[in-house]
Amino acid sequence: MRSSLFPKSLLSAALGGVVVLAGFGAQNATAGQTSMVNAAAAIDTAEARFLEMADLFSQSCAPDVSGGVDGVASTSVAAAAAAEPSPDSTLPILVDPVPLTSTEECLAQRHRLRISKAFSGTDTATYEQLRSKLAGLNYPAARIHRMPDFSGEPVARLDLRVGAEHVALEITDIDTGVMVEAFGAPEDVSVTEVRLQPRLDPPTS
């Protein structure tokens, strides 16, 4: 009977190849894990910078306790006004914005002025440019959401909610900068699912 055993030299070569491949796979796995750790660290850093900025704005917008109690926006208003889709509908559930408190209005204005100033005199023709510019202003990528273009111009929504706050912005590119609109986003709802009033064409100057 003919032996089916591999010659010793071939067996050694095969085992060596397995070891090399195994080592190569381990290196790839390690590199992949390192990339994931670095990406997570970058996300944490961006969020930390944003939270630091948000804290400074909150301190400057803190209500004067002696002047009375600040109004509180209720998320139940938006919840009651949520559009009820039909059972077979695949469309997202849209909700109405909630009113902003005076403190949240102040926070929104701080961000609006900051963003408008940074974009003044520039034309961000694409969403990618708009998103990159916002990221450069220390707004984390995870808080920037793409919306359908408006009259051919890119639109983004910015989630500025911290804790129980409701502040969000819609940013539309125009020829000389951006148009920034503040609105209140209910808790546990994506800012992309808030229904805003239809607008006229954005100004060109």
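One aromatic pair is found when the whole structure is searched; rings of Phe, Tyr and Trp (its six-membered ring) pair if their centres lie within 6.5 Å. The rings in question belong to Phe50 and Tyr139, with centres 6.2 Å apart and planes at 55°, so the pair is tilted, the term for planes that are neither under 30 degrees apart (stacked) nor over 60 (edge-to-face). This is a predicted model, in which local features need pLDDT of at least 70 and side-chain atom pairs count only at pLDDT 80 or more, while totals for chains, interfaces and linings use all residues. Residues are numbered from 1 along each chain as its sequence is written, and side-chain values use heavy atoms, with hydrogens and water left out.

**The chain as a whole**

- The protein chain has four helices and four strands, where helices (H or I, at least four residues) and strands (E, at least two) are DSSP runs numbered from the N terminus.
- Along the sequence, these elements follow the pattern α-α-α-α-β-β-β-β.
- Of the 205 residues of the protein chain, 30% count as buried; buried means under 20% relative accessible area, exposed over 50%, and partly exposed in between (1.4 Å probe, protein chains only).
- The protein chain exposes about 12700 Å², of which carbon and sulfur atoms supply 60%; accessible areas come from the Shrake-Rupley method with a 1.4 Å probe, and for residues only the protein chains shown count as cover.
- Contact means heavy atoms within 4.5 Å. Among contacts between residues at least 6 apart in sequence, 58% join residues at least 24 apart.

**The aromatic pair**

- The pair links distant parts of the chain, since Phe50 is in helix α1 and Tyr139 is in the loop between α4 and β1 (144-150), 89 residues apart.
- Phe50 counts as buried because its relative accessibility is 0%.
- Tyr139 is buried as well, with a relative accessible area of 1%.

**Nonpolar cores**

- A nonpolar core is a set of buried Ala, Val, Leu, Ile, Met, Phe, Trp, Tyr and Cys residues joined through side-chain atoms within 4.5 Å.
- The largest such core has 25 residues, and Ile115, Leu134, Tyr139, Leu158 and Ile171 touch the most other members.
- Two or more residues of this core come from each of α1 (8-61), α3 (102-119), α4 (127-136), β2 (153-159), β3 (167-174) and β4 (177-184).
- A second, separate core has eight residues, including Ala168, Phe183, Ala185 and Leu196.
- Not counting residues up to four places away in sequence, Ile171 touches Ile115, Leu130, Leu134, Pro154, Val155, Ala156, Leu158, Val178, Met179 and Val180.

**Helix α3 and its residues**

- Helix α3 has 18 residues and reaches 26 Å from its first C-alpha to its last, close to the 26 Å expected at 1.5 Å a residue; the expected span is 1.5 Å times one less than the number of residues.
- Within α3, the buried residues are Thr103, Glu104, Cys106, Leu107, Ala108, His111, Ile115 and Phe119.
- Arg114 has its place in α3 and is partly exposed, with a relative accessible area of 26%.
- With residues up to four places away in sequence not counted, Arg114 touches Met53, Phe57, Leu137 and Tyr139.
- Arg114 and Leu137 are 23 residues apart along the chain, and their C-alpha atoms are separated by 8.8 Å.
- Lys133 lies over the face of Phe119, at 5.9 Å from the ring centre; a charge sits over a ring if NZ of Lys or CZ of Arg is within 6 Å of the ring centre and within 35 degrees of the ring normal.
- Gly121, with a positive phi near 80°, follows α3.

**Leu196**

- Leu196 is placed in the segment after β4 and counts as buried at 18% relative accessibility.
- Its C-alpha is 7.1 Å from that of Asp96, although Leu196 and Asp96 are 100 residues apart in sequence.
- Leaving aside neighbours within four places in sequence, Leu196 is in contact with Pro97, Arg157, Glu170, Glu181 and Phe183.

**Positive phi in residues other than glycine**

- Most residues other than glycine have a negative phi.
- Asn138, in the loop between α4 and β1, has a positive phi near 70° and is partly exposed, with a relative accessible area of 30%.
- Ser151, in the loop between β1 and β2, has a positive phi of about 55° and counts as partly exposed at 47% relative accessibility.
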